[in-house]
Structure formats: structure tokens, C-alpha cells
Amino acid sequence: MNKDHSVVIITGLSGAGKSTAAKAFEDLGFYTVDNLPIFLGEKFFQFAFDFNIEIPKVALVIDVRNKDFDKAFDFIKNIKDKYNAKLLFLDADDSILVNRFKETRRKHPLGDDLIVSIQKERELLKKIKDLSDFVIDTTRFNVNELSSNIYEMFSKFFETSFTIIIQSFGFKYGLPTESDMVFDVRFLKNPHYIEELRPLTGLDKRIKDYVFKDKRSRKFLVKIKSLLNFLIPNYIKEGKRFLTISIGCTGGKHRSVVIAEFIYEYIKKRTDINVKIKHRDIER
């Protein structure tokens with residue numbers, strides 16, 4: 001894969017799970033485009049990659065709904081050659097495809113006769129399937145199993161898909177609703193009551209030193225590290241893609257910022273997990 005950009009083309013039989021696959025690639029950090037007209041395809045990639053637009057990973061769904069599908073083979077081959085794109089083909093048994101269409105009550109894009117349409121689609125896709133780098137038979141998969149299969153198959157080709165967001169906040173401004181885990185550090189000594197420290201934030205060394213003078217802060221962090229060392233590998237194993245850890249103090253300006261920064265640096269140095277930090281209330 002090119003270090004600067006990654007391209008996956010998703011194709012296959014109607015009803016085989018392309019929409020589910022597209023959502024899985026979104027969770028893997030891809031910008032996903034469904035049914036882009038083929039005549040716009042080359043322009044799209046030029047725009048995404050050649051004009052410094054920050055779209056490093058693209059997943060493009062192409063199937064028989066496309067009005068110029070007769071050009072799909074040449075387009076896909078060109079994108080594979082030019083951008084080292086990977087082609088994922090989704091297939092399933094005819095009987096399963098029929099059942100899925102009946103369940104959704106949707107019309108097959110190639111006509112009213114479902115069996116004839118599926119056979120016609122197989123014929124149209126035969127040449128493209130031969131270009132595939134990956135073929136997934138979704139016959140026995142439900143939606144969650146297909147997503148997990150894609151995560152497992154593709155996460156080794158791309159940067160880690162697991163992202164941790166560490167954020168500090170102030171309880172007096174409300175709990176962050178997106179939190180998966182909340183830690184309350186209001187038990188630590190509060191720099192707010194020291195006049196010369198009050199205007200500073202937890203990003204200032206003087207606040208950091210003050211917070212860590214409280215021996216309970218280090219004991220607390222030992223326990224947090226142990227907890228995270230246990231939880232993070234298990235979250236990844238279970239297919240969780242995002243984890244938001246929120247650290248709260250009274251105003252979100254001092255203690256929570258110091259502790260959040262410590263946890264952020266700890267995870268960043270110890271793992272290759274994508275970790276980000278934000279301080280929600282530090283400017284209030």
C-alpha cells in the first residue's frame with residue numbers, strides 16, 4: 001500500500017453485503033463513496049489525492065447499479081495499477097441472496113425476475129471477480145460477523161483501527177455524553193484555591209507539580225494503568241473501534257487536565273494505538 005493513501009474497491013453481488021462492508025471501512029477510517037459514476041472516478045481520485053485534500057483512505061463501492069458499468073472493469077484495473085488499490089469481492093449463494101431480497105422487499109437492480117437477475121449479475125461480474133484481491137462468501141454471515149471479518153482481514157493492511165480519545169472536563173459543565181469511561185479526580189487537592197495557581201491550567205508545569213505532590217494522584221494512576229492494560233486488549237479483541245475516556249474535576253481546568261495528559265502520554269508511549277487528547281473546558 002502507498003504510504004500516503006489507501007484505496008479499496010468494494011464490489012460483488014447485490015445482497016451480498018456491500019453496504020455492511022462500506023460501513024465497516026468507515027469504521028476503519030476510510031472515506032466511503034457508494035455508487036460514484038464511473039466517469040467521475042478518475043477525477044475523484046485526482047481531487048482526493050493530488051490536491052492535498054486530507055482524504056488518505058478511500059473505499060469505493062462499484063456495482064451493477066452504475067449506469068456505465070460496462071466500463072467498470074477497465075476503471076478498476078486502472079485504479080489498481082495507478083493507486084495500488086485492493087479489490088474486495090462479496091459473494092453469497094443464490095438462495096441466500098433471494099432470501100435477503102425477499103426480507104428487504106427491494107427490487108434487484110437488473111430486473112423483476114430475481115433468479116434471472118442474479119444469474120445475469122454473476123455473468124457481468126465474472127471478469128471483475130478475477131481481478132479481486134479478496135473474496136468473501138457472506139452466505140453464513142450475519143451483519144456483525146461480516147463486519148468483524150472485514151476488520152480482521154483489512155486491519156493488518158492499514159493503520160490500526162482502534163482509536164482512544166482522552167478528554168478532560170469539568171463536572172460543573174456536565175458529563176461528556178460520548179464517554180465510554182469516566183474518572184472523577186475531584187478527590188485530589190485543588191489548585192484553584194491557591195491564588196497564584198488559579199489562573200493557570202493543567203498544561204502548566206506548576207499545576208502539574210502541585211497535583212503530583214498529592215501522593216494519592218500517583219496511587220490513582222497506578223490503578224488506572226493496570227485497568228487500561230487489562231481493558232484495552234480485550235476491547236480490541238471484541239471488535240471495539242473507539243474508546244473515549246473522560247477525566248473530570250470541578251472546573252475541567254487543573255486536575256483533570258494533568259491526569260488526562262499523563263494517561264495520554266502513557267498510552268502513546270506504550271502502544272501504537274491511535275490516541276488523541278482534548279480538554280473540553282480548559283478555556284472556560
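Mentor: Let's start with Phe44 and Phe45, which are both buried, meaning under 20% relative accessible area, where over 50% is exposed and anything in between is partly exposed (1.4 Å probe, protein chains only). Keep in mind that this is a predicted model, where local features need pLDDT of at least 70 and side-chain atom pairs count only at pLDDT 80 or more, while totals for chains, interfaces and linings use all residues. Numbering runs from 1 along each chain as its sequence is written, and side-chain values use heavy atoms, with hydrogens and water left out.

On to the ring pairs. Rings of Phe, Tyr and Trp (its six-membered ring) pair if their centres lie within 6.5 Å, and planes under 30 degrees apart are called stacked, over 60 edge-to-face, and the rest tilted. That rule gives eight aromatic pairs. One of them is Phe44 with Phe45, edge-to-face at 5.4 Å centre to centre and with 75° between the planes. Another joins Phe187 and Phe220: their ring centres are 5.4 Å apart and the planes make 65°, so this pair is edge-to-face as well. Phe187 belongs to the loop between strand 7 and helix 7 (205–213), and Phe220 to helix 8 (residues 215–237), so their pairing ties together parts that are 33 residues apart in sequence. Helices here are DSSP runs of H or I with at least four residues, strands are runs of E with at least two, and both are numbered from the N terminus. Phe187 is partly exposed at 34% relative accessibility, whereas Phe220, at 14%, is buried. Going back to the Phe44 pair, ring pairs link Tyr31, Phe44, Phe45 and Tyr83 into a cluster.

Some rings also have a charge over them, which takes NZ of Lys or CZ of Arg within 6 Å of the ring centre and within 35 degrees of the ring normal. Arg186 lies over the face of Phe171, 3.7 Å from the ring centre, and the charged end of Arg284 sits over the ring of Tyr173, 4.2 Å from its centre.

Two strands pair if DSSP finds at least two bridges between them. Strand 6 (residues 163–170) and strand 8 (residues 242–249) share eight bridges in the parallel sense, while strand 6 and strand 9 share six, also parallel. Take Gln167: Ser246 stands opposite it in strand 8, and Lys278 is its bridge partner in strand 9. For Ser168, the partner in strand 8 is Ile247. Seven of the eight residues of strand 6 are buried, so this strand is largely enclosed by the rest of the structure.
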